[in-house]
Amino acid sequence: MRVADEEAALLGLAPVAPDRTVAYGPHPDQVVDVYVPRSGDGGRAADRGPLVVLLHGGFWRAAYDRRHLSPLAAELAGRGMPVGLAEYRRVGAGGGVPQTFDDVSAAVGAARTALAGETADPEVVLAGHSAGGHLALLAAARPGTHVTRVVAVAPVADLARAHELGLSDGAVAELLGGGPGFPERLAAADPALRPPADVPVTLLHGTHDPEVPLDLSRRYLARNPGGTDLRELTGVGHYAPVTPGSPSCHTLVGCLSRPHRPRST
């Protein structure tokens with residue numbers, strides 16, 4: 001698949017309805033879509049994979065929601081993994097600091113409760129794409145989030161560098177808000193400066209990503225080499241890793257279903 005065709009390939013997939021949706025707050029965006037394992041489990045929770053909580057991207061803006069990741073959620077459920085596809089308040093619709101960050105932690109708790117009993121696997125994998133990767137890395141560093149692994153795909157893993165580059169027309173500044181105290185808010189929200197304690201991290205990043213440069217994941221790894229595994233996907237752009245059927249999505253599925261084992265790229 002050509003890098004230029006990746007976005008159309010993902011967005012061209014039909015959304016897949018969840019088994020049910022649970023709310024974790026009063027706002028319409030405070031919900032988690034639940035996907036129950038469909039096959040490969042023999043109907044037994046003991047044979048199913050880890051619980052996966054998915055966080056979508058879109059540079060934290062309300063214009064982008066979770067629906068484009070529903071085919072991935074269904075794919076994972078079809079492979080025996082219970083999935084919670086989380087929505088959260090975003091910039092332009094009640095999100096920003098601290099609402100967006102608080103919602104992610106609450107959504108993880110709601111997914112764990114909703115899918116209790118669907119798997120005997122003790123792991124809770126928090127997976128995010130793009131801005132969702134940033135949120136996954138940051139949430140795992142917050143006390144009480146209760147995740148055992150993080151898989152971040154094309155993540156905005158170094159927020160300060162993303163701000164310097166002005167990614168997506170200044171999306172970082174929109175998320176954090178301007179005015180006094182911005183440097184402090186930036187540092188507090190930068191996962192490169194707040195590594196998850198005792199939570200292994202896998203980063204998947206395409207070498208030809210035009211939206212979020214690979215350099216951001218490399219910078220995260222340089223700051224946090226212990227427990228971090230960076231897998232560079234040669235010739236891959238921004239969207240293929242979360243598009244079911246692509247070779248790089250197969251790599252993602254493998255990372256989600258198997259325990260983290262650090263490796264060099």
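For this tour, Ala, Val, Leu, Ile, Met, Phe, Trp, Tyr, Cys and Pro count as nonpolar, Asp, Glu, Lys and Arg as charged, and the others, Gly among them, as polar. Keep that in mind for the second stop. The model on your screen is a predicted one.

**Stop 1: the whole protein**

Begin with everything shown as a cartoon. You can trace nine helices and eight strands. Now turn the model around: along its principal axes, the C-alpha atoms fill a box of roughly 55 × 40 × 35 Å. How does the radius of gyration fit that of a compact globule? For 265 residues, such a globule would come near 18 Å, and the protein has 17 Å, which agrees.

Next, colour the residues by accessibility. Of the 265 residues, 53% count as buried. If your viewer can draw contacts, look at how they link up the chain: among contacts with a separation of 6 or more, 75% are between residues 24 or more positions apart.

**Stop 2: the largest pocket**

Select Glu7, Leu11, Tyr64, His68 and Tyr239 and show their side chains. These are the lining residues that lie nearest the centre of the largest pocket. How can empty space be found in a model? Rolling a probe the size of a water molecule over the atoms shows where empty space is left.

Which helix gives the most to this lining? Select residues 6-11: that is helix α1, and it supplies three residues. Now use the classes from the opening: the lining has nine nonpolar, seven polar and five charged residues.

**Stop 3: helix α4**

Move on to residues 131-140, which form helix α4. Is this helix mostly covered or mostly open? It is mostly covered, since ten of its ten residues are buried. Click along the helix and you will pass Ala131, Gly132, Gly133 and His134, which are among those buried residues. Further along come others, including Leu135, Leu137 and Ala140.

**Stop 4: two cysteines**

A disulfide is a covalent bond between the sulfur atoms of two cysteines. How many disulfides does a search of the whole structure find? The answer is zero. For Cys249, the nearest cysteine sulfur is that of Cys255, and it is 11 Å away.

**Stop 5: a cis peptide bond**

Zoom in on Val97 and Pro98. The peptide bond from Val97 to Pro98 is cis, with omega near 0 degrees. Where is Pro98 found? Look in the loop between β4 (83-86) and α3 (99-114).

**Stop 6: two residues with positive phi**

His146 is not a glycine, but its phi is positive, at about 60 degrees. To find His146, follow the loop between α4 and β6 (149-153). Is His146 buried or exposed? It is exposed, with a relative accessible area of 53%.

Asp169 is not a glycine either, and its phi is positive, at about 55 degrees. Asp169 is found in helix α6, residues 167-176. At 74% relative accessibility, Asp169 counts as exposed.

Technical notes: Residues numbered from 1 in each chain as written. Predicted model: local features only at pLDDT ≥ 70, side-chain atom pairs only at ≥ 80, totals over all residues. Heavy atoms only, no water. 1 Å grid on protein atoms, 1.4 Å probe; cavity = no way out; pocket = protein on both sides within 12 Å on 5 of 7 lines; lining within 4 Å. Helix = DSSP H or I, 4+ residues; strand = E, 2+ residues; numbered from the N terminus. Disulfide = S-S within 2.5 Å. Rg over C-alpha atoms; globule rule 2.2 N^0.38 Å. Buried < 20%, exposed > 50% of the residue type's maximum accessible area, 1.4 Å probe, protein only. Contact = heavy atoms within 4.5 Å.
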